Amino acid sequence: MNSAAQIIGKRGVSVLLFPEGGRAPEGLREFKEGAAFIAIRAGVPIVPMALVGMRPLLPMGSIHIRSGRTVLRIGRPIVTAGMKPGDREELTHRLYKEIADLISGNSNSA
């Protein structure tokens, strides 16, 4: 993860990570800390995003995406400048809350 953070920081590339580590039958699974760790080490912001409406289009156990409509909700970037790797748990909890709010429609998206 350290080398990924270095590459992201040096090259200024955007990376899409799914902090759940997998899908859940309903709701959100607990987030893993890897995305927060990488963002902190790279010194880049995290942009919370939620893809709403995918469950009917990609049911659990299926590998085929069905036709339909989804909504991509994008939250405000969370600045990680000045954070230390020890802050990753707090950042992970904040990211979880932001994404849960985006899913429920209770967020001030960007």
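The model on your screen is a predicted one. Now widen the selection to residues 34–42, the whole of α2, and you have a helix that is mostly covered, with seven of its nine residues buried.

What lies over those residues?

Next, step just past the end of α2 and click on Gly43. Here the backbone takes a positive phi of about 70 degrees.

Keep α3 in view and show the side chains of Phe31 and Tyr96. By the rule used here, the protein has one aromatic pair. Phe31 and Tyr96 form this pair, an edge-to-face one, with 4.9 Å from centre to centre and 65 degrees between the planes. Which parts of the chain does the pair link? Phe31 sits in the loop between α1 and α2, while Tyr96 belongs to helix α3, so distant parts of the chain, 65 residues apart, are linked here.

Are the two partners buried or exposed? Phe31 has a relative accessible area of 7%, and because buried means under 20%, it counts as buried. Tyr96 has 29% relative accessibility, so it counts as partly exposed, the class between 20% and 50%.

**Stepping back to the whole chain**

Now clear the selection and switch to a cartoon view. You can trace three helices and two strands. Starting from the N terminus, follow them in the order α-α-β-β-α. Turn the model around as you go: along its principal axes, the C-alpha trace spans about 40 × 30 × 25 Å.

Colour the residues by accessibility next. The protein has 110 residues, and 24% of them count as buried. With contacts displayed, consider those with a separation of 6 or more: residues 24 or more positions apart account for 65% of them.

Then colour the charged side chains. There are 15 positive and 9 negative ones, and the centres of the two sets lie 9 Å apart.

How values were computed
Residues numbered from 1 in each chain as written. Predicted model: local features only at pLDDT ≥ 70, side-chain atom pairs only at ≥ 80, totals over all residues. Heavy atoms only, no water. Helix = DSSP H or I, 4+ residues; strand = E, 2+ residues; numbered from the N terminus. Buried < 20%, exposed > 50% of the residue type's maximum accessible area, 1.4 Å probe, protein only. Contact = heavy atoms within 4.5 Å. Lys, Arg positive; Asp, Glu negative; His and termini not counted. Charge placed at Lys NZ, Arg CZ, Asp CG, Glu CD. Phe/Tyr/Trp six-rings, centres within 6.5 Å; stacked < 30°, edge-to-face > 60°.
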